[in-house]
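Subject: Structure for you to look at

Hello,

Here is the structure I said I would send. My notes follow below it.

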Amino acid sequence: MGAVETLVRETRSTCCYCGTGCGVIIESLGEKIINVRGDLEHPANYGRLCSKGATLHLTTARTGRALMPMLRTDRAVSPAPTSWDTALDTAAERFARIIAEHGPDAVAFYISGQLLTEDYYVFNKLARALIGTNNIDSNSRLCMSSAVAGYKATLGSDAVPCSYEDIALADLFLLAGSNTAWAHPIVFRRIEEAKARNPNLKIIVVDPRRTDTAAMADLHLAITPGSDVVLYGAMLHVLLWEGLVDEAFIAAHTEGFSALRAQVRELTPGAAAATCGVSAEDITKAARWFGEARSPLSMWCQGLNQSSHGTANNAALIHLHLATGKIGQPGMGPFSLTGQPNAMGGREVGAMANLLPGHRNLADAADRDELATLWGVPSIPATPGKTAVEMFDAVREGKIKAVWIACTNPAHSLPDQAKVREALSAAEFVVVQDAWGDIETAAYADLLLPATTWGEKEGTVTNSERRISRVRAAVPAPGEARADWAIAADFARRLGAALNINLTTARLFNFDGIAEVFAEHVATTVGRDLDIGGLSHAVLETMGPQQWPFPAGAESGQARLYTDHRFAHADGRARFASLDLSLTAEAPDARYPLRLNTGRLRDQWHGMSRTGRSARLAAHEPTPRILMHATDMERRGFKDGELLRIASRRGEIVLPVAAGEELKPGHSFIAMHWGGRSLSHAGVNQLMPPVFDPVSKQPELKHAAIRVEKAELPWRLVALRAAADEEQLLAWRANIEPLLAGFDYAALTLAGREHPLLVLSIASAQPLDEARIAAIATALELDDGTAYHDPTRGIVKLARIETDGRLAGLLFAGETAATPWLQDAMTGGLPLGELRRWLFAPSATPPVAMGSAGRTVCNCFGISESAIKGLLQQGSDLAGVQAQLKCGTSCGSCLPELRRMAAIA
């Protein structure tokens with residue numbers, strides 16, 4: 001028997017969440033990651049981590065992982081374990097047959113901004129060089145493609161011209177369509193510090209909601225969704241009227257301004273105010289502040305990008321920098337914030353349907369020929385591939401027969417979910433390559449391939465400021481999981497043989513390790529605007545993270561682009577684009593009178609395939625819900641917690657309602673994260689329109705028109721199950737997830753901190769039959785505890801009590817009044833004691849005094865909203881609260897909320 005490893009190892013790597021690209025140090029013991037802390041030497045974060053990054057080690061559970069290839073030979077049967085050889089040979093045979101019968105465009109690859117650059121590169125080469133199709137797209141289409149198109153239209157290339165160091169040098173921030181405080185907390189810490197150093201610094205936030213980011217603004221423009229271009233056009237009008245444009249810069253370095261000037265001539269703040277839903281005075285003030293600032297820095301995210309005119313949104317904002325000449329120098333410029341850890345790397349690699357490696361243009365024959373020469377193939381296909389929404393439409397229509405999905409979850413993330421799921425069911429062959437075998441899309445897989453994930457992977461990522469960082473493995477891959485690039489390369493070699501492609505082409509995928517893949521990617525960038533000819537894995541090991549461009553012979557990367565004001569268009573001049581003044585794809589009307597906005601939560605990320613495995617990360621926002629303005633709720637007779645039917649033109653879902661003080665009347669909000677693993681429906685994307693920008697092809701995931709009404713679902717069931725560790729909790733959740741379907745409303749969530757719980761809530765028009773209740777009880781191992789049955793009233797109550805007197809689980813069906821305070825007792829780890837004889841009583845109030853901790857504000861120290869409010873009500877200021885409770889003194893993610901609470905106390 002081998003010795004047990006006792007030495008804690010440390011491995012430098014990069015966080016796998018947003019595009020900030022924070023450096024992390026992983027602490028591991030044996031095959032387990034036991035802790036994570038920020039890397040003090042990494043220039044993206046200098047040791048700081050947000051609430052998500054700081055808890056990465058809590059999301060490494062093995063329950064739910066894909067651990068071996070699973071093959072389904074018939075859709076009527078469940079998939080069964082198989083070998084890698086059988087799995088990849090089967091995939092090669094199915095793809096080869098479809099290609100032979102229907103051509104290369106009958107197959108497609110849908111990949112992810114969470115892949116590493118090397119993974120991206122091999123998939124892209126597989127699609128274009130071996131198969132001969134441009135049907136390869138990334139879920140980055142859903143988050144960054146409008147920024148790509150906007151940069152290319154105006155500056156000539158998809159290249160962010162700014163760096164994080166510019167945040168400390170700016171004297172004005174224009175934060176547009178981004179709740180930076182929640183979506184990019186470490187970037188927001190830098191903004192807070194800049195404001196603290198320079199109280200005269202101005203912050204303008206453009207967002208329909210008064211988010212925690214907007215709460216810090218000197219000027220909040222709560223615009224009507226979709227009116228971004230109108231706003232920035234009106235601001236440009238003011239800049240022109242008041243002589244705040246740089247005519248010399250415009251003449252020397254740009255084209256197209258005369259036409260734009262004519263377009264905004266009549267777009268006065270007064271004319272724009274009604275459309276934008278903000279005052280003319282505030283539009284004028286924003287324009288003056290921007291024009292008078294020495295170094296304005298604009299930052300934006302999905303509010304601009306996820307729009308049916310997202311390219312125009314981006315261009316209209318960039319116009320403000322071009323018109324004032326405030327670009328290319330310290331502290332200024334247009335800075336898009338990337339949503340995924342390696343969306344930027346995928347853009348560099350060209351792994352999207354309309355891009356090519358090295359920022360080459362698919363429509364340019366010379367670019368295609370140059371790439372074909374680099375890859376040693378006769379040609380690169382010229383026909384643009386299908387982008388995300390188009391791809392799954394083509395699958396549904398039978399035009400694409402086979403789809404390979406890697407490291408993304410379209411059965412959660414794409415709009416109009418009913419059609420997406422129809423597509424996945426209609427496909428002849430679906431491959432899902434993922435670390436997690438329990439994501440929604442995995443249910444549609446004919447072949448499930450287990451991939452490695454963060455903590456097990458090697459390669460590189462590029463963050464929002466063009467900084468390339470190493471990702472390193474700290475622990476071995478579990479089960480039979482393999483690296484994504486290696487899976488793609490192995491499949492490519494087998495597919496080449498199945499297609500009878502000559503041996504030379506097959507050798508395209510004989511990589512001698514991950515460093516060789518990166519080296520080949522580097523070769524595609526040489527001589528291009530993103531030239532990284534001076535980088536290799538070895539250089540990154542020695543020098544640490546580096547920004548591009550980094551050509552051969554360089555000693556460092558380049559912090560800023562366009563410092564000489566020569567832009568990436570062939571003539572060196574930037575372009576002003578024509579304005580698209582249309583609004584949202586859907587307008588509210590008599591049938592669908594409310595606006596629905598979607599967005600992120602502070603402590604969750606994307607579809608929660610990772611963050612959703614930690615009860616601690618659920619504490620800040622534990623329940624999926626729709627937020628509405630209090631007056632809208634009062635007018636309709638809604639109360640907090642009541643269930644609503646929420647309908648759009650594409651379908652309906654049921655969620656509880658709560659008042660949202662950050663919303664304007666007529667507006668509502670649902671977080672994007674909750675999907676079919678947590679709910680009996682597909683979540684908010686079941687409601688969203690599949691309409692997309694004509695240039696970027698990015699869908700309008702931010703806005704829909706909806707109607708709401710009370711859901712008459714009087715019968716309720718609540719089950720709570722505690723576990724000593726989250727692996728057991730997740731195992732019970734896996735038992736319950738298949739039982740959610742068919743309910744009008746069912747929610748499966750996590751709660752607690754030191755004492756984590758699984759929480760199941762069901763609402764139905766009619767009582768469940770005893771067999772379904774028994775199935776739930778069995779799945780949670782509650783069927784052999786204390787029981788109470790009242791058949792005449794349809795009430796079933798079950799409880800499991802540990803030997804130490806603590807309540808380990810309960811199921812209440814037909815009467816659930818006591819479950820809130822019993823949940824508090826369980827998450828607090830309290831022994832039942834005197835409560836035991838009241839366990840089955842129909843009482844909404846506990847029989848003895850016990851405080852309810854309520855929602856957690858500070859996740860680092862587990863500090864509740866009620867504890868913070870208690871001290872504030874006693875007269876403490878924010879500093880006093882922090883001194884006593886320590887909230888906001890670690891990762892800082894809760895600081896914006898703490899400031900807001902202190903301001904209104």
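Contact here means heavy atoms within 4.5 Å. Helices (H or I, at least four residues) and strands (E, at least two) are DSSP runs, numbered from the N terminus. Axes are lines fitted to C-alpha atoms, for helices over the stretch in contact, and angles run from 0 to 180 degrees between N-to-C directions.

The model is predicted: local features need pLDDT of at least 70, side-chain atom pairs count only at pLDDT 80 or more, and totals for chains, interfaces and linings use all residues. Residues are numbered from 1 along each chain as its sequence is written, and side-chain values use heavy atoms, with hydrogens and water left out.

The sheet

An open sheet is built from six strands in the order E30-E31-E29-E34-E33-E32, with antiparallel pairing; two strands pair if DSSP finds at least two bridges between them. At its edges are strand E30 (745-751) and strand E32 (786-790), each of which pairs on one side only. From one strand to the next the twist averages 10°. E30 and strand E31 (residues 757-764) run antiparallel and are joined by seven bridges. Leu-748 is opposite Leu-760 in E31.

The helices across it

Helix H24 (residues 726-736) lies across strand E29 (715-722), E30 and E31, at about 20° to E31. Helix H25 (residues 770-779) lies across E29, E31, strand E33 (795-801) and strand E34 (807-813), and runs at about 170° to E34.

In H25, the buried residues (under 20% relative accessible area; exposed is over 50%, partly exposed in between; 1.4 Å probe, protein chains only) are Ile-773, Ile-776, Ala-777 and Ala-779. Seen down the axis of H25, they fall within an arc of 165° and so line one face of the helix; the arc is that of the directions from the helix axis to the C-beta atoms. Their cover includes E29, H24, E31, E33 and E34. Glu-770 and Ala-771 are exposed, on the face of H25 turned away from its buried side.

At the start of H25, a side-chain oxygen of Asp-769 comes to within 3.1 Å of the backbone nitrogen of Ala-771. After H25 comes Glu-781, with a positive phi near 55°.

A buried lysine

Lys-401 sits in the loop between helix H16 (388-396) and strand E16 (402-406). Its relative accessible area is 18%, so Lys-401 counts as buried. Leaving aside neighbours within four places in sequence, Lys-401 is in contact with Ile-98, His-102, Ala-106, Ala-427, Glu-428 and Phe-429.

Regards

Definitions and conventions
A polar contact is a pair of N or O atoms within 3.5 Å; within protein, one must be able to donate a hydrogen and the other to accept it, and residues adjacent in sequence count only if both atoms are side-chain atoms.
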